[in-house]
There are 2 protein chains.
Amino acid sequence: MTQAHIELSPPPPLPEGALRIIPLGGLGAIGRNMTVFEYDGKLLIVDCGVLFPDVDQPGVDLILPDFEPILDRLGDVQAIVLTHGHEDHIGAVPYLLAHKPDIPLVGSQFTLALVEAKLAERRIDPYTLTVKEGRREQLGPFECEFFAVNHSIPDALAVAIRTPAGLVLHTGDFKMDQVPLDGRITDLAGFARLGAEGVDLLLSDSTNAEIPGFVTPERDIGPVLDSIFSKARGRIIVASFASHVHRVQQVLDSAYEYDRKVALIGRSMVRNMGIARDLGLLRIPDGLVVGLDEATSLPPDEIVFMSTGSQGEPMSALGRMSTGDHRHITIAPGDTVVLASSLVPGNETSVYRVINQLARAGATVIHKDTAKVHVSGHSPAGELLYLLNVVRPSNLMPVHGEWRHLRAHARLGVESGVPTENVVLCEDGDVVDLVEGHARLVGHVKSRYVFVDGLAVGDVGESLLTERKILGDGGFVTATVVIDSVTGKVVAGPTISAKGFSEDPEAFNPVIPLITAALDRAADDGITDPHQLQQLMRRTVGRWVNDAYRRRPMIVPTVVEV
Amino acid sequence: MTQAHIELSPPPPLPEGALRIIPLGGLGAIGRNMTVFEYDGKLLIVDCGVLFPDVDQPGVDLILPDFEPILDRLGDVQAIVLTHGHEDHIGAVPYLLAHKPDIPLVGSQFTLALVEAKLAERRIDPYTLTVKEGRREQLGPFECEFFAVNHSIPDALAVAIRTPAGLVLHTGDFKMDQVPLDGRITDLAGFARLGAEGVDLLLSDSTNAEIPGFVTPERDIGPVLDSIFSKARGRIIVASFASHVHRVQQVLDSAYEYDRKVALIGRSMVRNMGIARDLGLLRIPDGLVVGLDEATSLPPDEIVFMSTGSQGEPMSALGRMSTGDHRHITIAPGDTVVLASSLVPGNETSVYRVINQLARAGATVIHKDTAKVHVSGHSPAGELLYLLNVVRPSNLMPVHGEWRHLRAHARLGVESGVPTENVVLCEDGDVVDLVEGHARLVGHVKSRYVFVDGLAVGDVGESLLTERKILGDGGFVTATVVIDSVTGKVVAGPTISAKGFSEDPEAFNPVIPLITAALDRAADDGITDPHQLQQLMRRTVGRWVNDAYRRRPMIVPTVVEV
């Protein structure tokens with residue numbers, strides 16, 4: 001695990017009696033979690049999520065795992081086990097089921113309710129198997145046992161997978177809040193029992209492996225909210241993730257305590273909290289939650305708006321409020337806005353923009369930098385060591401993380417006694433075989449980022465994103481001429497147009513004679529091939545732009561023959 | 001100060017005996033700090049910095065203050081006082097001096113040395129006046145008194161400005177480390193003397209006003225570095241800001257302690273540390289610092305590379321190392337990399353990309369999330385309250401911050417006893433008059449972001465950035481036809497080309513007949529105006545792209561007449 005990561009060839013055939021593990025997402029970036037297990041010709045998938053794009057993927061809506069390595073084997077898939085209902089674990093299910101809708105989905109009640117709501121929008125009615133902690137299910141050759149884990153969404157599960165090749169524990173996402181709101185702690189005792197039985201391979205959540213120490217209990221946020229609610233004289237607007245039932249519960253509790261009604265705002269917030277209430281995961285005192293109409297008619301000190309938009313999404317409820325574009329709520333001096341949420345890396349600019357707009361409009365904005373209104377859902381290093389010491393795995397494969405997290409987790413593994421050579425540090429597409437108790441990296445399958453952009457999946461690739469980045473940084477300059485297809489003589493142009501380059505309307509005057517001169521010289525040399533002429537125009541414009549501006553717009557020469 | 005910010009008209013004439021304050025930068029965003037003071041027809045400028053662009057300003061190199069409101073009054077400018085040598089305080093000086101090179105620059109020895117090095121690159125030899133704490137200088141009608149402040153760069157100053165209109169204290173950037181490495185603490189006693197005299201207006205650093213508490217002393221980083229150095233078995237690479245002399249000093253001290261040589265890497269690091277050493281601000285034991293050639297020939301456990309690139313800049317020394325593109329240093333397993341620096345908002349994606357690349361290559365990467373290797377240079381709320389209570393200003397104008405920081409600072413002002421109506425919360429371009437002891441917002445002057453992109457200043461504006469964002473998100477689609485200028489008949493085309501849109505070579509096949517049909521209908525209707533035909537093509541392509549892809553590329557129709 002101390003080696004640099006090297007490029008690998010396709011894997012050899014899977015030895016008989018061995019278990020193969022292929023992470024198709026979640027290793028190398030946080031998101032699009034998906035792991036494929038193969039035994040005796042059968043496949044089991046754990047999670048199938050999306051990755052949200054950052055500045056390196058401009059214009060992209062979502063990033064999916066690359067299903068290519070298993071597309072011709074979907075008939076062998078016994079089930080998709082979903083550890084919990086976050087988008088980075090369930091968001092790609094509709095895209096996979098679009099290939100084969102009858103793959104069974106296995107998960108807890110809340111997880112399946114969320115994924116079913118998502119699938120209903122696409123009119124897919126999935127086969128499901130509801131499981132809970134303590135249950136065992138035989139899924140083809142994979143015997144799966146489920147364990148409660150505590151996370152930032154209710155009803156999360158870890159899964160132990162038994163095959164004749166050995167016992168594998170996949171934690172899913174977890175932390176070890178010892179006093180969670182719902183009393184449902186991560187089942188360390190169950191993991192200890194597995195440890196005693198002998199865990200051959202542990203796949204464990206690396207998100208916070210770099211961070212020393214332990215998480216603060218979720219319930220410690222309650223008193224902070226109470227303190228904010230006790231001071232607020234105007235309206236209170238709280239934004240958080242639409243799936244964070246326990247965070248919403250605490251907002252409801254504080255509202256109840258301080259005699260405020262609550263209006264839920266945002267489609268996903270309303271939908272998810274409805275599901276949570278129906279499943280008994282969210283306790284709502286009678287009459288506490290009101291509709292938006294009633295809410296806006298109440299005095300400012302009698303209402304809490306519980307909203308989406310904590311990540312600075314411009315089209316979310318909070319995003320619209322911040323720009324004055326929300327239909328029902330206009331931010332005013334005296335309002336208190338609480339972002340009771342993490343700041344997902346990559347969203348900083350958007351989130352701080354929203355906070356600044358709210359502050360400019362007169363609101364007091366409280367967020368995780370200024371008060372303890374958020375705790376992470378992932379175990380930091382101290383808790384990961386507890387898990388490692390209880391499970392005592394023969395082999396460790398850090399999952400769910402960028403390289404910095406995976407490597408930090410690998411170091412924790414070694415510190416806790418996993419032999420260095422048994423820590424398998426790998427990234428998406430790497431192939432790991434568990435053979436006779438030893439997990440080893442044996443090869444690599446192609447695992448591209450698959451981009452969803454609008455209606456199309458997969459027609460946007462890295463080279464196109466490079467074009468977008470060039471265009472986004474420098475705009476483009478077109479140069480068009482019409483030539484006689486027989487003589488090669490210019491009959492119209494050159495005309496220049498540009499976007500994103502300069503607001504000076506005279507900017508291109510100097511380059512037109514340069515293009516004309518270059519084309520004249522080409523004509524003198526008998527060059528009439530449009531492709532060659534285009535190259536010539538590209539060079540001429542490119543050189544001029546570089547000399548005059550030191551910029552690199554995209555240059556688009558067009559030669560039209562008539 | 002609890003009001004929402006409203007739009008204002010141009011200011012009235014300045015009343016006789018009054019002082020006018022116009023922030024041209026630094027209020028509403030952190031960067032391009034510049035404040036203009038006007039008294040009796042004369043101007044004094046405090047700071048003249050740049051703002052670094054974020055994702056909202058694609059392709060932009062730098063953002064300058066808008067000099068427009070003072071451009072025709074540069075002859076009235078008595079001096080530019082530079083509080084310290086950070087880019088966001090001195091970076092725009094060359095651009096202002098390009099208009100009038102003989103405006104005197106006033107600052108401490110180190111600050112002036114940095115700005116002179118910068119000006120030398122542009123062959124400007126400025127008029128300078130070196131000042132230090134305790135000095136008073138009469139600059140036209142402005143009597144300036146300078147005070148030591150502690151910050152993340154040596155030799156920083158606050159400035160008190162006396163005119164018959166009153167006493168104004170501008171803190172510059174500061175924190176109140178009580179045990180700084182150089183023993184040069186923020187002169188709270190001096191500020192107390194001003195407070196006793198009566199400070200009519202305080203302009204104070206708001207950067208950390210949202211953050212509760214106090215900064216950790218810079219010297220507490222030393223033991224953390226020692227611990228890292230004591231454990232490292234291979235090479236150590238430390239990245240930090242090239243102006244953070246005290247941070248570099250601590251790296252040198254740890255290297256000396258652990259018998260390692262140090263090589264400085266990066267042009268600005270080498271230059272600034274040379275200046276700091278010459279001015280006695282950096283102590284370098286004989287023989288400790290070696291050249292790159294010697295460094296690369298030493299055993300791994302005998303060398304420290306002190307590098308630039310802590311903000312993830314891809315072309316910096318560390319950025320190149322992370323991608324394997326550095327000419328002399330290839331990251332290898334066993335290397336320890338320390339980012340002993342802040343993470344400037346907006347740089348998160350770049351910084352974590354570098355960290356991940358280093359981790360993937362086998363390095364152990366330590367950064368501020370994982371160990372106490374950085375402390376901020378700006379006072380958080382607890383320290384700002386000390387300052388407010390010592391100065392007891394009649395009026396407070398929070399500066400150096402985004403809206404969230406300014407509003408938090410305003411709240412601290414009110415909590416400390418400044419009357420609410422005397423807290424002047426304003427943004428760039430707002431005009432504040434200090435009249436008979438009362439500071440009031442009286443108007444607004446235009447204060448655009450002035451963008452530097454390549455060699456040109458100011459030819460890129462907001463509408464162009466919007467074009468770049470559209471191009472960067474969705475690419476563009478061009479549609480070109482050649483028509484007969486007499487008959488209006490299509491003689492060639494339509495031809496379609498696109499960049500950043502789709503990798504499917506057949507993508508545009510369906511739209512060509514749609515364009516042809518639309519042009520045919522136009523010809524039947526006798527429409528031959530190229531502009532109308534272009535609109536028609538734009539609509540046709542746009543509708544098709546939306547229906548088929550749900551995307552919004554830029555559509556660029558061209559009609560060439562022959």
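How are helix 5 of chain B and helix 12 of chain B oriented to each other: roughly parallel or oblique? The answer comes below, after an outline of the model.

This is a predicted model, in which local features need pLDDT of at least 70, side-chain atom pairs count only at pLDDT 80 or more, and totals for chains, interfaces and linings use all residues. Residues are numbered from 1 along each chain as its sequence is written, chains are lettered from A and ligands numbered from 1 in the order in which they are written, and side-chain values use heavy atoms, with hydrogens and water left out.

Chain A contains 16 helices and 25 strands; helices (H or I, at least four residues) and strands (E, at least two) are DSSP runs, numbered from the N terminus. The C-alpha trace of chain A spans about 85 × 70 × 45 Å along its principal axes. Of the 562 residues in chain A, 58% are buried, where buried means under 20% relative accessible area, exposed over 50% and partly exposed in between (1.4 Å probe, protein chains only). Contact means heavy atoms within 4.5 Å. Among contacts in chain A between residues at least 6 apart in sequence, 71% join residues at least 24 apart.

Now the pair of chains. Two copies of a chain are related by a rotation about an axis and a shift along it. The same surface serves both copies, as 100% of the contact residues of chain B recur in chain A.

An unreviewed UniProt entry lists Gly59(A), Asp61(A) and Asp453(A) under "binding site". These residues span 395 residues in sequence, yet no two of their C-alpha atoms are more than 7.0 Å apart, so they gather at one spot. UniProt positions are given in the numbering used here, feature names are shortened, and annotations may be inferred rather than shown by experiment.

Gly59(A) sits in the loop between strand 3 (42-46) and strand 4 (62-64) of chain A and is partly exposed, at 21% relative accessibility. Leaving out residues up to four places away in sequence, Gly59(A) touches Asp453(A), Arg468(A) and Asp473(B). Asp453(A) belongs to strand 21 (residues 450-453) of chain A and is buried, with a relative accessible area of 5%. Beyond its neighbours within four places in sequence, Asp453(A) has contacts that include Gly59(A), Asp61(A), Tyr549(B) and Arg551(B).

That leaves the opening question. Helix 5 (residues 188-197) and helix 12 (residues 381-391) of chain B pack at an angle of about 40°, with their axes 7 Å apart. The two helices of chain B are therefore oblique to each other: angles under 35 degrees count as roughly parallel, over 145 as roughly antiparallel, 65 to 115 as roughly perpendicular and the rest as oblique. Axes are lines fitted to C-alpha atoms, for helices over the stretch in contact, and angles run from 0 to 180 degrees between N-to-C directions. Helix 5 of chain B contributes Leu188(B), Phe191(B), Ala192(B) and Gly195(B) to the contact, and helix 12 of chain B contributes Tyr386(B), Leu387(B), Val390(B) and Val391(B).
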